[in-house]
Amino acid sequence: MTGYSTATLIVCGILACLRVTQLSLNRHDDILISSTDADFWESWHTAAANSSSIIDVDEIPIANCARDVFFPLHRGSDNNERDNNCRGMLIRDDIIITSRECSKYNFTFTFPGLGILEAMPHSSLNSHQISNSRLGFLETTAPYHYYSVYQPVRRMRMFLGRQSNKDIIIECDEENRPIAHNFPLSNNELVPLHDLEGILPNDILWDDDITKTSMSSEQINNSTHWWWQRAISIEEEEDTFDQLLEQYKGPTGSLSISHICEVIDPRGHRSNCCQKYQNMWKNEETFSGQHFFEWLDYGAGRQALQQKQRIQQKHKRGRNNNKCSSTSCQISCFDERTHHYMNDEEVSQHEIYITSSQDGQDLIARYKYNNELVLESGNRPHTYVWDVNRVFYVAPYNVKHLSLLSGQPVLSGGTLTIGKKGRLWGINYSSGHYKPQIDAATMMYQDFKDNGYNTSSLYWIGWAGRERAGKEPWSIDNCRDTDWETIEISGFNPDALNQSCHELTTSDTWKLKNGDWAPILSDI
């Protein structure tokens, strides 16, 4: 190992490396760094103070590109009690390289963009270190970047050098990417980092990965923070989306989502415009190499959409700029519209079952988990989905259909109206996500018949929502046009469904719109 007290230290700025060859305070790119020359250090700090490309970490000059990733470690929980012997390199959001001795203790440190976080000994990585290693690891409490396709994502904060370079701690390449070659111990020795290969996780980035990576950034409190990830091809990402969509498809006759984007959105299932954003990502002149959501939230996608919003706001000056319409693609509106997807416990509390009243004339809805009657709808009907196992789930009107079963396939979705004492009064098939057709209404009607329910005890609305889509209400003609043989839902017979469809669309309780029966609501 070579100490930088007697060696030349290379520090690189944004555009060029600053090679230290001689003492010259008239030029910032010719600086000899010697830890034993006190007069020199004072002069160096004076010069470096005028250079935006150099920062100082515990009297070690480090290039500005490393300001987020090389820092002092603190013993106190308030981040004020500095341990002068301990420094850290943040290579991944949850992994800090430090000295072997320092890897035995708990610290706090300033995490880029989040403030003060804790770091403690990384038991797993430290156990894999060779016995005579001078390096160790800390594990941070940083949260995951996000969950992508239900897998947690960590951000890579720097590159490690595979080739031994005894004179460099951290350098910056022409794209301002930090590349660490050595770690400085408290006695001024530099420990090469290339020996860590095989000990660190496989996703850690090395300097020969640089041409195969993409960069992301985030601005917090007027400071920009960068990270990198291995680049992907557009074909790989589209294949991932297609595979996921397959997982969300049910048997023929069931209703599946048409676009996977909202379901797997790691930032809260944002609705509206997701497909338009994805088209923008795909059609970039030079593909970014980023996963779609990385591009959208931390890459060129967010910058483009912010610019688009500024243009829209400029054109709408003097109007209500804060209003987000149902079709607005402004990024602020897009980010505002997030929907909660229920977990298993929540879903169980929204499951209902239906029974006949004692006289067999009415249908009564109760919650399965507590046997209580479903509350009266009032002026706002309940949202419902009917899953592939023919189980109903209901929620308040403002809950989205995808929220109830997290985008899983269903047999139907829409709204239903509950009257006094849990009476099921009417049901429609209006769902913008699932888009039920007449076969959904027919299977439900057939299922009610199979259970011995009085199908004339409620109104079946075969029109609600279709006018907005410019479509005609369902009629007996739709029964004739449906290929019932293609339905693969267990328990349904094609001939029986065809007959039930004709019965349903000609029955007295078949209504073409909510208004046909709305006046009766005052009596329920």
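Biologist: Why is the disulfide of C86 and C102 called left-handed?

Modeller: The torsion about its S-S bond is about -85°, so this disulfide is left-handed. C86 lies in strand β7 (residues 82–92) and C102 in the loop between β8 (95–99) and β9 (107–111), so the pair ties together parts that are 16 residues apart in sequence. Bear in mind that the model is predicted.

Biologist: What makes C86 and C102 a disulfide?

Modeller: The cut-off for a pair of cysteine sulfur atoms is within 2.5 Å. The sulfur atoms of C86 and C102 are 2.0 Å apart, and they form a disulfide. By this rule the count comes to three disulfides.

Biologist: How do you know that C65 and C172 form a disulfide, and what is its hand?

Modeller: Their sulfur atoms are 1.8 Å apart, against a cut-off of 2.5 Å. The torsion about the S-S bond of C65 and C172 is about -90°, so that disulfide is left-handed. C65 sits in the loop between β5 (60–63) and β6 (70–74) and C172 in strand β15 (residues 170–172), so the pair links parts 107 residues apart in sequence.

Biologist: Why is E235 called exposed?

Modeller: Exposed means over 50% relative accessible area; E235 has 55%, so it is exposed.

Note on methods
Residues are numbered from 1 along each chain as its sequence is written. This is a predicted model: local features need pLDDT of at least 70, side-chain atom pairs count only at pLDDT 80 or more; totals for chains, interfaces and linings use all residues. Side-chain values use heavy atoms; hydrogens and water are left out. Buried means under 20% relative accessible area, exposed over 50%, partly exposed in between (1.4 Å probe, protein chains only). Helices (H or I, at least four residues) and strands (E, at least two) are DSSP runs, numbered from the N terminus.
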